[in-house]
Amino acid sequence: MSRHFTRAAAIKLGDMGERTLSSPQRLTVLGATGSIGESTLDLVGREPERFEVVALTAQSNVEKLARLAILHKAQVAVVGDERCYAELKSQLSGSGIEAAAGEDALIDAASRPADCTMAAIVGAAGLKPTFAAARQGRRVALANKECLVSAGDVFLGEVRASGAELLPVDSEHSAALQSLAGAERVAVERIVLTASGGPFRCWPIERLKNARPEEALKHPNWAMGAKITIDSATLMNKGLELIEAYHLFPVGVDQLDAVIHPQSVVHCLVHYIDGSVIGQLGPPDMRTPIALALNWPERRATPTARLDLIKIGSLTFEPVDAARFPGPGMAKAALRRGGNAPAILNAANEIAVAAFLSGGLGFIDIARVVERTLEEAEARGLIRVTETLEDVLDADSEGRDLARMVIETPH
Ligand code: NAD
Ligand code: MG
């Protein structure tokens, strides 16, 4: 069975870039009010003549969405939560900007012709809109990890079929793209993603048991949305990123690794068969990888703080402690298992992180819930091949139900 689950040949991202984007570039930002959305629009606001904003979307933050839509002269603003429609309409009245609400409206917005879509909705909620954007056959700047984690082969199939250009926004994958430029597939030995180690890097397991949400939300280096910040504290974020890297780059699971690098200066290291290691360094500011994804293969100036290596002094690296942080190992195991296992892992993790944030689950129980959900899925024969987006959404929903059951079951 496992053979059947191997991916199709990965897309060769390094080959891209022949297409010159038209100027001004028609841009849609899915998840415009989030951390990535805000950083994207910060860059857009610095060169407004280069962009024509098509659609901006958010889940429920109407005030911010309306403000951004007016500021960037969007054609349409869409809010996922239908209950927010009246408020959005009222805030946009007189602006000439269309207002829409609901899941179908998000998909419609993602389908409006755009040269580039920044896919920055958090979680599996981003699947349908990002698929719709990919079906346009234009550029997708991909921040939403779940399209690759939960729907890897299916998503890449859509990308290939439509001829879309896929540019990773995640800093490690942007770094890998740059470090792999021009590389022959056979010359690449290993890809190593770096992880800051999060706020609990040095915490013993006894202390981790009592870690509180507000402590987990204090990331030492990066300012990000809540979900990914918790994933950075558990290191499940690195697990999700290993799965992303597997789909983006032509390497096997055993050629992928994670290493702790507390300074978050080196984002990825590509080891070559001749002993060379090529990496990418940059400040911990997402505007650098976002600018590259928007402008690839061109580089544009960004206002990020410049890296001062003398000031930083030393760059250090440590192994991942799998006993305290099982996320990366579990993600690799799910990848090896194949089929819908990564989608179930992701769904269980989303439920567990939400339960932790609302005070209903301990920190180290996040990983336990994910592991037990996968065991339960295996025991019930729910691990299957995914061939369509519907298969992925089914796995996502089954994973969520099982994870809720695991959380409610005393252990
Ligand atoms: P965030 O929580 O700050 O923002 C999420 C955005 O998605 C918001 O605009 C929100 O309104 C929207 N959204 C949330 N739930 C939705 C739903 N159900 N339907 C429609 N829209 C919804 O998240 P973020 O930190 O900006 O991360 C966005 C994505 O980018 C995530 O997948 C994350 O893993 C990835 N990413 C983020 C960073 C970062 O630095 N923030 C780095 C790498 C990758
Ligand atoms: Mg990352």
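**Exercise 1. Decide whether Asp170 is buried or exposed.**

Solution. Start with the value: Asp170 has a relative accessible area of 8%. The model is predicted, and this value is computed from it. Next, take the cut-off: buried means under 20%. Asp170 is therefore buried. Apply the step again to Glu172. Its relative accessibility is 6%, so Glu172 is buried.

**Exercise 2. Find which residues coordinate the magnesium ion (ligand 2), and give their spacing along the chain.**

Solution. Asp170 gives OD, while Glu172 and Glu241 give OE. They coordinate the magnesium ion at 2.1 Å. Then read the donors along the chain. The spacing is D-x1-E-x68-E.

**Exercise 3. Work out the strand order of the open sheet, and name the edge strands.**

Solution. Trace the seven strands across the sheet. The order is E4-E3-E2-E1-E5-E6-E7, and the pairing is parallel. Now look for strands that pair on one side only. These are E4 (98-101) and E7 (165-168), the edge strands. From one strand to the next, the twist averages 20°.

Zoom in on one pair. E5 (residues 116-119) and E6 (residues 139-142) run parallel over four bridges. Thr117 has Val140 in E6 as its bridge partner.

Methods: Residues numbered from 1 in each chain as written. Chains lettered and ligands numbered in written order. Predicted model: local features only at pLDDT ≥ 70, side-chain atom pairs only at ≥ 80, totals over all residues. Heavy atoms only, no water. Donors = N, O, S within 2.8 Å, 3.2 Å for Na, K, Ca; no water. Buried < 20%, exposed > 50% of the residue type's maximum accessible area, 1.4 Å probe, protein only. Pairing = 2+ DSSP bridges. Helix = DSSP H or I, 4+ residues; strand = E, 2+ residues; numbered from the N terminus. Axes fitted to C-alpha atoms, helices over the stretch in contact; angles between N-to-C directions.
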